[in-house]
Amino acid sequence: MIVAERRFGNNQRRSKPAGQDIFFDYTLLFVVLFLLAFGLVMLYSASSYDASLHYEGDSAYFLKRQAISTVMGLVAMILVANIPYHFWERFAAIGVIISIVLIFLVMTPLGYEANGARRWIRILGFSIQPAEVAKLAIILFLASLICKMGRKTRSWKGFFTVLMVPAIIAVLVWQITENMSSAIIIFGIAVLMLYVSSPDYKRFILLGVVGVAVCVLAVFLIVKLSESQSASAVGVRGGRILAWLDPEAYASGKGFQTLQALYAIGSGGILGKGLGQSKQKLGFMPEAQNDMIFSIICEELGLFGAISILLMFLLLIWRFMVIANNATDLFGALLVVGVMGHIAIQVILNVAVVTNTIPNTGISLPFISYGGSSVMFLLAEIGLVLSVGRGIKLKDL
Amino acid sequence: MKRVINYNNTCSMRFFMENSKTFHRKKIVTIFFGSLAILLFLAGRLGYLMIFQSDYYTEKADELHERERSIKAARGRILDANGTVIADNKTVCTISVIHNQIKDPDKVVEVLSKELELSEDFVRKRVEKYSSIERIKSNVGKEKGDAIRAYNLDGVKVDEDYKRYYPYDTLASKVLGFTGGDNQGIIGLEVKYEEYLKGQEGMILTVTDARGVEIDAAGEERVESVPGNDLYISLDMNIQSYATQLAKQVMETKEAERVSILVMNPQNGEIMAMVDVPEFDLNNPYTLPEGTDTESLTEEQKQEKLNQMWRNGCINDTYEPGSTFKIITAAAGLEEGVVTPEDRFSCPGFIMVEDRRIRCHKTVGHGSQNFIEATMNSCNPVFITVGLRLGVEKYYHYFTQFGLKNKTGVDLPGEAGTIMHKMEDMKAVELATVSFGQSFQITPIQLATTVSSIINGGTRVTPHFAVMTADREGTEIKRFSYPASEHIVSEETSATMRMILEQVVESGSGKNGYVEGARVGGKTATSQTLPRGSGRYIASFLGFAPADDPQVLALAIVHTPQGTYYGSQVAAPVVRQLFENILPYLEKMDYN
């Protein structure tokens, strides 16, 4: 792997004075740009019908807004990529505090509701999803904290100390912004960063086993409860679990979106219906341009297109691994691991939800789903990774 | 600040010095491979959904996206014995607008309100309504529809549809029946032969969005409709129309409640005319007769009135046949040998049956007479005697053998059954009354069919209309056949009966049925309706010709005539006039 990297690095070598040769990850940049461009095309395809109906015939309504966010995100990415990443370490604590404040602002009149959930705040005409800020803040904060704690993270006490802040933020995001998926992602990022910083495996395997056991038990209890009483006795989340197990039985309620996604995916077949030819986006699929955009990709581009996109994300994760492994210091490495965890978890959860592999929970597909805050903060994170990558000296590779 | 720099240093140092880089790296690599494993699993899941489950979900999705619009099938026509179309289809148009496709709403409003003679407000309201498709007017004539189509307006849809049309309005209304909103038969032949007439609906499969708006680019799949088969029936509109005229005439002059006339071929059961005035207008079957106070009626009462109006007295209602039934008693007696035409009887004007004194209609009595004369006189005591000679068991046996216990099987819905005493309840008095046609009820079609069978040589025929189905070009598709049971009476008895009945018309009570230059046989009847003593009578006459080889049989029944109520004076002339006209016509038509 390292040998391969060196060769790769050599190819990227710039005509700069010897010894100052630095690395820039063009592969990562290319993959990100490809995903952005592809995302805009698919976003237009998925949203044009809905947009022309609801925005006075402006079929490019969503495309335009997303394009503006993307450009702003790219500017942020370039800026961040050119600032040495240690610059941000001083904002680690303040970032967490800001994101907590923003989360609480959702409860004030500044917050507003869309698609039935109160997740956004609007400041000076810009709308932001605090959960997206919190993800970046947590990555920065934990990278810094873990470095400061050093070996202390290896004890049980350290273990829980590190997880405390992300746990609090996750609970806030879950309870206040009614966004369980973002809470899962925030906590997941924290666990992955802690996992990398500690040589121990047992603790994490234990955590994983407990986590899985709790999920299985919850599903088991919900199914039992619904059998002994009624489907309505298990609440909203319980209902989602039941709809997950048998979407067709809940076709008009909780299972509706999932079923529509399955129709889209299944009807796409191997080759797909062709770009722009989705039928499910014509008002059948709720959130076609949003959380469910992957199903439209499946319908239009088929298994081939869907797997190609998964490969692009895998390529992205691979580049994160390479950069993290070659980062000049632990702080940089942890930053990259955080971003890697963020994107990997989000892609996996999104695809899993769309294919009804796990119960439905609102989660967007990075770089492709519609969402301004999401794409801007993701690009800022990519900027961070590129900045870490720039610190790599080619001779270290 | 200083602390931060320190930590930075320690961070960096630890990363290199502690040889920890190895485990960090290892862990990062496990994250990558963990992600890889999960993504592989998800790719497998995608493969399962998109390859193995693809057909299932494609079908489900298509079901969701495709809308079916049916194309109505042209209903088969009904043609009479001469090939005259008596039930046809008229093309009508439905004009609708599709909100999303309208480009020039003002023009659409202007044109539609002008062409369809609707108020601008009415049309504008529909044009501006945000819906997938909005109907403006249905049942618009084809010419109007074509005119509107010629404007070529975007968003205006002209859909053609078929509507049943009956060129003869009221003629044979209770036989033909009519169709409902979906062109389905409601009563009469229309419902009886629904499966042949209706054809097969076609459909247009279109792809729509979630609101039901068609997507033009997706194209459409068309399955053409198959028109129904034409039905050829034995009814002859010339005879039907003449019979209807006669029925109306006698109803008017005798101020009768109802008049039924049945004309059939006694040899094969083909019905040539079936009149039951008052009839109704097939093109407006839901309009009650003029002068009906519809305002004060409840829905239920109105429906009751409609049902009453649609009733076909020839098959849906029973009556006491009276003296015409003596034909059956005579045939049974002759067949069993309990009486011969030469047998002599004496009528004192009444007959004692057990302790009952049953009067003859001629109270002074007919005196001495043979059986033929008794039939000519329609003498009750003689027929009671014949009935008693047969006995309950034998009489019941012939009643059953002649087919009177069963329905005739006529191809119209709702045929009423015979109302008859049970054999074990039948005593001498009941037998006596049945012998001259009272105390039980049958339908007119039953009487006509039974007499047909007795005079045609003993073959019980099935009365019917439908002859065959054919395609539009007249190529036969299916010829109907009907059950017939032979030898219900012997050929000899049949011949005797023809001879006796010819005598009845020639010089007996039926002489008003006599037609110059033709041999007509027949029998009159005058029956009092229940309850007795109400002064309400049913006058009827059953005639057939030629008497030696019957080709046509007619039964005229006048319900509740005012003034003279004797069958011989009210009903027999009707059949005579009918025969005077149709016998030459039938001869010309090669029926003879």
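## A tour of chains A and B

Start with both chains on screen: 49 residues of chain A are in contact with 41 residues of chain B. Keep in mind that the model is predicted.

**Stop 1: the side of chain A that touches chain B.** Select α5 (130–149), α7 (180–197), α10 (256–268), α11 (293–326) and α12 (330–354) of chain A; these elements each give two or more residues to the side that touches chain B. Which of them gives the most? It is α11(A), with 12 residues. Now colour this side of chain A by residue type: 31 of its residues are nonpolar, 13 are polar and five are charged.

**Stop 2: helix α5 of chain B.** Move to chain B and select residues 120–128, which form helix α5. Show the side chains of B:V123, B:R126 and B:V127, the buried residues of this helix. Why do these three lie on the same side of α5(B)? They do so because they cover an arc of only 100 degrees around the axis. An α-helix has 3.6 residues a turn, so residues three or four places apart point the same way. Next, turn to the other side of α5(B), where B:D121 and B:K125 are exposed.

Stop 3: Select strands β12 (350–353) and β13 (356–359) of chain B, which pair in the antiparallel sense over four bridges. Pick B:M352 and look across to β13(B): its bridge partner there is B:R357.

Key
Residues numbered from 1 in each chain as written. Chains lettered and ligands numbered in written order. Predicted model: local features only at pLDDT ≥ 70, side-chain atom pairs only at ≥ 80, totals over all residues. Buried ≥ 20, exposed ≤ 12 C-beta atoms within 10 Å, placed from the backbone. Arc of directions from axis to C-beta. Contact = placed C-beta atoms within 7 Å. Nonpolar A, V, L, I, M, F, W, Y, C, P; charged D, E, K, R; others polar. Pairing = 2+ DSSP bridges.
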